[in-house]
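Trainee: I would like to go through this model and ask what stands behind each label. Can we start with the structure itself?

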Amino acid sequence: MATETESSYQLLCIGNPLLDMQTSDGSLLDKYNLKANDAILASPEQMGVESAYLVKKGEQTGACGVVITGHHRSLVTTLRAAEMFDKSHFSSTDVAACIKGAKYFYIGGFFLTHGVESALELCKTASGDGKAIAMNLSAPFIPQFFKVQLETIFPYTDFIIGNESEAESWGGAAGLSDPKDHAAVARAIALLPKSNLTRPRVVVITRGADSTVVVSSANPDTPQIHPIQKLSDDEIVDTNGAGDAFAGGFMGGLVLGKSIEEAVEIGHKMGAMNLRQVGPQYTWPKIQIIA
């Protein structure tokens, strides 16, 4: 994956490009046998920055249907072309330059449903170069049904991000005595084997309207609890994308050289901003949230 040039972008993210379609018609939950606060891959009955896409000619773009009911969102995804990723794409001129130039890498857990070999190759390269790798658990079904794939990537990760449902899912799959003890789950993940020992692994568990738990392998028995500024019910317009907004803010903070505490606070602000909008978007005109 070597190249003579490198990109100026500090952060490289890899995931599934999808077209989101959103509705607030709650009757669709019963019609398609969905849960109000969940994310799944579509079965046949449910199918209805700078980018460097791998284009698969003749294939359909992946899509995600989103049903909003109250403060819950139900996601149903069909990957289509997204699950046809070829790791040779890493060697293309644009992507190779991004890989060489990036200091941070972010992998969405959804990508592991089909692209674990590609993710592993990227992680080995980045970790071998001493670069930081973050991964998002993304949805409860990822730890539940793709635990082996997660464990393939975990040794190369420096940051793990997830919400309480995802943490509980991993805790249950890992056989922890109390999967609802989020600090204990974060500790268990933080202490998993790690290939690059020059930095600790930091696990960040968001918990909706509750505080965020952060555990570092450097101090695994001292979880850090970060309170949030809770929004009132009438301030919350749409929860879709709030977790990704937090992750984006957190990663942005790291890229800017902020401390873990500061990066978490930036993530909180981005997530709260997203909650006040329809769909995964932010306040416009832009507002300054970083001191």
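Trainee: What covers the buried residues of α3?

Mentor: The cover includes β1 (11–14), α2 (93–101), β6 (104–108), β7 (132–136) and α5 (147–153). Before going on: this is a predicted model, where local features need pLDDT of at least 70 and side-chain atom pairs count only at pLDDT 80 or more, while totals for chains, interfaces and linings use all residues. Residues are numbered from 1 along each chain as its sequence is written, and side-chain values use heavy atoms, leaving out hydrogens and water.

Trainee: Which residues of α3 are called buried?

Mentor: S118, A119, L120, L122, C123, A126 and S127 are. Buried means under 20% relative accessible area, exposed means over 50%, and partly exposed lies in between, with a 1.4 Å probe and protein chains only. For spacing along a helix, recall that an α-helix has 3.6 residues a turn, so residues three or four places apart point the same way.

Trainee: How do you know that the span of α3 is close to the one expected?

Mentor: The expected span is 1.5 Å times one less than the number of residues. α3 has 13 residues and reaches 18 Å from its first C-alpha to its last, against an expected 18 Å, so the label holds. After α3 comes G130, with a positive phi near 75°. Helices here are DSSP runs of H or I with at least four residues, strands are runs of E with at least two, and both are numbered from the N terminus.

Trainee: What makes a group of residues a nonpolar core?

Mentor: The members are buried Ala, Val, Leu, Ile, Met, Phe, Trp, Tyr and Cys residues, joined through side-chain atoms within 4.5 Å. The largest such core holds 43 residues, and F105, M135, L150 and F154 touch the most other members. Helix α3 (residues 116–128) gives the most to this core, with five residues. In general, nonpolar side chains of soluble globular proteins tend to be buried together.

Trainee: Which residues does M135 touch?

Mentor: Leaving aside residues up to four places away in sequence, M135 touches I107, L112, L150, I153, F154, T157, F159, I160 and I161. Contact means heavy atoms within 4.5 Å. There is also a second, separate core of 16 residues, which includes A132, A134, V204 and F246.

Trainee: Why is strand β9 called largely enclosed?

Mentor: Five of the five residues of β9 (residues 202–206) are buried, so the rest of the structure largely encloses this strand. V202, V204 and T206 point one way, V203 and I205 the other.

Trainee: How many bridges join β9 to β8 and to β10?

Mentor: Five bridges join β8 (residues 159–163) to β9, running parallel, and four join β9 to β10 (residues 212–216), running antiparallel. Two strands pair if DSSP finds at least two bridges between them, so both counts qualify. As examples, G162 has I205 as its bridge partner in β9, and V202 has S216 in β10.

Trainee: In what order do the seven strands of the open sheet stand?

Mentor: The order is β1-β6-β7-β8-β9-β10-β11, with mixed pairing. β1 and β11 (224–226) are at the edges with a single partner strand each, so one side of each has no neighbour in the sheet. From one strand to the next the twist averages 15°. Helix α9 (residues 260–275) packs on the sheet, touching β8, β9, β10 and β11, and its direction makes about 155° with that of β10. Axes are lines fitted to C-alpha atoms, for helices over the stretch in contact, and angles run from 0 to 180 degrees between N-to-C directions.

Trainee: Are C13 and C64 buried, partly exposed or exposed?

Mentor: C13 has 49% relative accessibility, so it counts as partly exposed. C64 has 5%, so it counts as buried.
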